[in-house]
Amino acid sequence: MITTPDLIESLVARAEPVRRLRPPLARAAAWLLFAGLMLVLMVAIKGLRPDLGLSLRQPGFAIDVAAALATGILAAVAAFIVSLPDRSRLWLWLPVPALLVWIVNVGHSCLTAWVDIQPGMHLGDETGCVAALVMTGAPLALTLLIMLRHTALFDPTPVAIAGGLAVAGITASLLPLFHNHDASVLILVWNLGIAALLTAAAGAFGRRMFTWVAPR
Amino acid sequence: MPSSPSSAGPNLSVVKESAESSRTRDPAGRGDRTLDWSICMARAQEGDREAYRRLLEEIAPYLRSLAARLIQNRGDIEDAVQDALLSVHAVRHTYDPMRPFGPWLVAIARRRFVDGLRRRGRAASRETALEAEHETFAAPEANFQEAASDGRAVREALEGLPPGQREAIRMLKLEEMSLKEAAAASGMSVAALKVATHRGLKSLRKVFGRQGTQT
């Protein structure tokens, strides 16, 4: 085993200048900018749904998109703040109000427009939707993972959960803009379900994922 | 090495002493000392190796006292301190010099200590320390030389074998000759030796098996 003075010497020998991390808000903004670019890219590839204006006028749909977006943005801010070792874990509560609005809105839509669920899903349409989900979600998740990799050495799980929620919120708010379904309750439930799944997966595998990209 | 006091020049040791004496022992990690550490870390981030060495040498005893409060096993404390130092090094870019150094350091160290405890706990649940009594085999007869190799019984059983098998067993098993050597010594072919040994061992096994059931 190496002695501590020897270890210190070897660390000193490897002490190249490092670039300090920018403030967490600035880094969160950079990531959100990247998400915005993804949106532009998606619009360029797929085009907005033709009835977007009409759908956004339906309060359930508009609130869903807004709440998901707010959840995503606030969760991203929380993830970047909590990823620093000396910040309070209480920041993790930041996205919770927006998340509650999102959940309550979906629940409300389910109760009031239950009939909309009946027409059923068309499998073909949904595979296109999953592909779009992966295309948006994967780059966002990967970028976030790399930007937050320093957290692997202290407390990765809460950061992973916040990060998962950020990706889920942003993706869920972008996708309805491209769906060629009508703004049925099904989509809202589907979005929230995906968000729950992604956040749970981030909580379960976050530690491993962060260890994988950890700085050495 | 410049860090060890014996090899450092007299000038350096004087400077070091005065620097040490101006600093008070502050177990909570607040006050002048962490301000000093904060400045050292800010310089280290810019590549100032001397400041970095001073910082690491000063935080090491502090980390040790912090670890001693969490970890009982003295042998593990030094491991934990080194783990924390490595982590501090790996994430030194996350320190913001505008903020106090103490909480940053303690947050990292605590997390590493707790992770280490968990890791060692997991290892301890799977492993058993090797003690003197584990060094022999568990079966009781294996621990008595006399009972394990009753030479006389083996010799007598060997006498009862046909001459070819007896010779093969004697050369290959008792005298531990190689197949080539045994073939040269006996004039038998390697294949014949193998067959004879196999058959000999089989009949010996039969003899001892019978004796075992009789007794």
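This briefing covers the fold, packing, interface and confidence of a two-chain complex.

The model is predicted. The predictor gives the complex an ipTM of 0.76 and a pTM of 0.66. Chain A has eight helices and zero strands, and chain B has 10 helices and zero strands. Contact between the chains involves 23 residues of chain A and 30 residues of chain B.

**Confidence**

- Chain B has a mean pLDDT of 76, with 73% of its residues at 70 or more.
- Within chain B, confidence is lowest in helix α1 (residues 10–22), where the mean is 37.
- Confidence in chain B is highest in helix α3 (residues 49–70), at 90.
- Over residues 1–30 of chain B, pLDDT stays under 50. The model has 25 contacts beyond four places in sequence for this stretch.

**Chain A overall**

- Its elements run α-α-α-α-α-α-α-α from the N terminus on.
- Chain A has 216 residues, of which 42% count as buried.
- Take the contacts in chain A between residues at least 6 apart in sequence: 85% of them join residues at least 24 apart.

**Chain B overall**

- Along the sequence, chain B reads α-α-α-α-α-α-α-α-α-α.
- Chain B has 215 residues, and 26% of them count as buried.
- Of the contacts in chain B between residues at least 6 apart in sequence, 52% join residues at least 24 apart.

**Interface**

- On the side of chain A that touches chain B, 14 residues are nonpolar, two are polar and seven are charged.
- Ala44(B), in helix α2 (residues 32–45) of chain B, has Ala15(A) among its contacts.
- Arg99(B) touches Asp86(A).
- Helix α1 (4–13) of chain A is part of what covers the buried residues of α4(B).

**Nonpolar cores**

- The largest nonpolar core has 84 residues. Ala78(A) and Ala79(A) have the most contacts inside it.
- Helix α4 (residues 59–82) of chain A supplies the largest share of this core, with 14 residues.
- Beyond four places in sequence, Ala79(A) contacts Leu148(A), Val159(A), Ala162(A), Gly163(A) and Ala166(A).

**Helix α4 of chain B**

- This helix spans residues 74–90, which makes 17 residues.
- From first C-alpha to last, α4(B) reaches 25 Å, close to the 24 Å expected at 1.5 Å a residue.
- Its buried residues are Ile77(B), Ala80(B), Val81(B), Gln82(B), Asp83(B), Ala84(B), Leu85(B), Ser87(B), Val88(B) and His89(B).
- The cover over these buried residues also includes α3 and α5 of chain B.

**Helix α5 of chain B**

- Residues 101–126 form this helix of 26 residues.
- The helix reaches 38 Å between its end C-alpha atoms, close to the 38 Å expected at 1.5 Å a residue.
- Buried in α5(B) are Phe101(B), Gly102(B), Trp104(B), Leu105(B), Ile108(B), Ala109(B), Arg112(B) and Phe113(B).

**Ala44(B)**

- Ala44(B) is buried because 27 other C-beta atoms lie within 10 Å, and the cut-off for buried is 20 or more.
- Besides Ala15(A), the contacts of Ala44(B) beyond four places in sequence are Ala51(B), Tyr52(B), Leu55(B) and Arg92(B).
- Leu55(B) is 11 residues from Ala44(B) in sequence, and their C-alpha atoms are 8.6 Å apart.

**Arg99(B)**

- Arg99(B) sits in the loop between α4 and α5 of chain B.
- With 13 other C-beta atoms within 10 Å, Arg99(B) is partly exposed.
- Not counting residues up to four places away, Arg99(B) also touches Trp104(B), one of the buried residues of α5(B).
- Ser38(B) is 61 residues away along the chain, yet its C-alpha atom is 8.2 Å from that of Arg99(B).

**Glu176(B)**

- Glu176(B) has a positive phi of about 55° and is not a glycine.
- Most residues other than glycine have a negative phi.
- The loop between α8 (163–174) and α9 (179–186) of chain B holds Glu176(B).
- Glu176(B) counts as exposed because it has 9 C-beta neighbours inside 10 Å, and the cut-off for exposed is 12 or fewer.

Notes: Residues numbered from 1 in each chain as written. Chains lettered and ligands numbered in written order. Predicted model: local features only at pLDDT ≥ 70, side-chain atom pairs only at ≥ 80, totals over all residues. Contact = placed C-beta atoms within 7 Å. Nonpolar A, V, L, I, M, F, W, Y, C, P; charged D, E, K, R; others polar. Core = buried A, V, L, I, M, F, W, Y, C linked by C-beta atoms within 7 Å. Helix = DSSP H or I, 4+ residues; strand = E, 2+ residues; numbered from the N terminus. Expected span 1.5 Å × (residues − 1). pLDDT = per-residue confidence, 0-100.
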